[in-house]
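Student: I would like a close look at one part of this model, with the criteria spelled out as we go.

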Amino acid sequence: MRTQVGIVGAGPAGLMLAHLLRLRGVDSVVLEARSRDYVQRRVRAGVLEQGSVDLLTEAGVADRLHREGARHEGIELRFAGRAHRVPMTELTGRAITVYGQQEVVKDLIAARLAAGGEIRFEVQDVRLDGLDGADPVIRFRDAAGDHELHCDFVAGCDGSHGVSRGSAPAEAFTSYERTYPFAWLGVLAEASPAVHELVYANHERGFALYSLRSPEISRLYLQVDPDEEIEDWPDERIWAELRTRLETVPGWTLNTGPILEKGITPMRSLVIEPMRWQRLFLAGDAVHIVPPTGAKGMNLALADVALLADAFAGWYAESRTDLLDAYSDTALRRVWRAQHFSWWMTSMLHRLDDQDPYEAKLQTSTLDYVATSRAYATSLAENYVGLPRV
Ligand code: RFL
Ligand code: PHB
């Protein structure tokens, strides 16, 4: 088998890259470890920056997003018994769209298959070889047997547990990392959202987030200890804790309902530099991770592959190497801005240390400042809606 760009991973990064390459006349094959059904059901992110919506729209894969996604012009910060709205659109002229990541994934898979593009689901034992030569090869196995995919370049879009990054020598990369002493318990509930905009709550028992998916479905998160098991959290305990942390504003109550899905995710910040080794180009969670508090992960994945698609297209159309050479540095500027913003939001909103009243005072002061300074609120808003693409 031969293609131009071999893509490992059918998450938002890999699927969008394949789609953008097709629009630019470049062939690719996507290899995915999981089944189509699994990747389409995986509940994750929900917030698209304005720039991500524009990218999906320009690429012709946003019809359903525009029909079913909800445009939000503000978010609410809840702390110290108060609710404060950050009017993002008033402050920046831009907005976010709430549309589940698995819906983006469904739309991209449908577009690729409709265009006759290839996605191999349920492949195993993916191994990358020859990345430092002109003929990289991806070896893998599926139900039909062993295969070799020869290509000009490999795009490692295989997420935080992928194999691509480990296929280059360890000394090729430097990693920058932070772990946090907490995790998020996320639930998807059949309950009509009691909010019109996302609510980020700082509470003495820990952070809580009220998000939504549709007029019937709420998406909620709780800060929990990283070593807790989902079995420790029966539904009644989850609702009780959400009530405690969110029902802090007079007259406001949560809507409850059957919990459809729940899980615990550890939180970390990670950047691997550079985002390229020889003919291997890394994108999305395969090369950087943010805690979800800033809602940046999927957006960064899409921004990476927008650059990468242009770089590959420049190579095939005009033998240009400058865009390929600039990819890592260009992408890392956005990555580090999002790293800082995600770390900052996380630090402002979570309970960091049980015993540290000083830290708690700093958080309240920071939240107060966001609530009273147009300049500070604008800084939050422009990062949240996303800085313009370069
Ligand atoms: P993905 O989505 O993890 O896709 C990687 C794909 O690669 C496959 N794979 C392999 N395939 C072949 N061979 C192998 N050896 C393979 N190993 C892995 C995997 O099966 C998978 O299909 O990475 P990608 O494309 O880089 O996309 C990144 C995003 O998924 C991620 O950043 C976001 O979900 C993060 N995130 C959020 N991002 C936002 O922009 N806004 C949000 O509101 C937001 N909320 C969140 C989040 C992530 C969360 N969790 C669960 C980590 C909320 C949560 C709770
Ligand atoms: C979500 O809706 O899943 C979501 C929203 C905002 C975040 C993280 C996750 O910061």
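Student: Which residues in helix 9 meet which residues in helix 11?

Tutor: The model is predicted, so local features need pLDDT of at least 70 and side-chain atom pairs count only at pLDDT 80 or more, while totals for chains, interfaces and linings use all residues. Residues are numbered from 1 along each chain as its sequence is written, chains are lettered from A and ligands numbered from 1 in the order in which they are written, and side-chain values use heavy atoms, with hydrogens and water left out.

On the side of helix 9, the residues are R337, F341, W344, M345 and M348, and they meet Y376, L380, N383 and Y384 of helix 11; contact here means heavy atoms within 4.5 Å. Sorted by type, the residues of this contact are seven nonpolar, one polar and one charged, where Ala, Val, Leu, Ile, Met, Phe, Trp, Tyr, Cys and Pro count as nonpolar, Asp, Glu, Lys and Arg as charged, and the others, Gly among them, as polar.

As for the geometry, helix 9 spans residues 322-349 and helix 11 spans residues 374-385, and their axes come within 10 Å and cross at roughly 120 degrees. Helices (H or I, at least four residues) and strands (E, at least two) are DSSP runs, numbered from the N terminus, and the axes are lines fitted to C-alpha atoms, for helices over the stretch in contact, with angles running from 0 to 180 degrees between N-to-C directions. Helix 9 and helix 11 are therefore oblique to each other, since angles under 35 degrees count as roughly parallel, over 145 as roughly antiparallel, 65 to 115 as roughly perpendicular and the rest as oblique. The crossing of helix 9 with helix 11 is left-handed, a term used if the near helix is turned anticlockwise from the far one by less than a right angle, and right-handed if clockwise.

For comparison, here is how some of the strands are arranged. Strand 12 (residues 153-156) is covered on both faces, with F153 and A155 buried on one side and V154 and G156 buried on the other; buried means under 20% relative accessible area, exposed over 50%, and partly exposed in between, with a 1.4 Å probe and protein chains only. Strand 1 (residues 5-8) runs parallel to strand 12 and is joined to it by four bridges, one pair of partners being V5 and F153. Strand 12 also pairs in the parallel sense with strand 19 (residues 280-282), over three bridges, and there A155 stands opposite F281. Two strands pair if DSSP finds at least two bridges between them.

An open sheet is formed by three strands in the order 9-10-11, with antiparallel pairing. Its edge strands, each pairing on one side only, are strand 9 (124-129) and strand 11 (145-150), and neighbouring strands are turned by 15 degrees against each other on average, direction ignored. Strand 10 (residues 137-142) pairs with strand 11 over six bridges, and R141 has D146 as its bridge partner.

A80, in the loop between strand 5 (75-79) and strand 6 (82-86), has a positive phi near 50 degrees without being a glycine, and A80 is exposed at a relative accessible area of 58%. A295, in the loop between strand 20 (288-289) and helix 8 (297-318), has a positive phi of about 55 degrees, but A295 is buried, with a relative accessible area of 17%.
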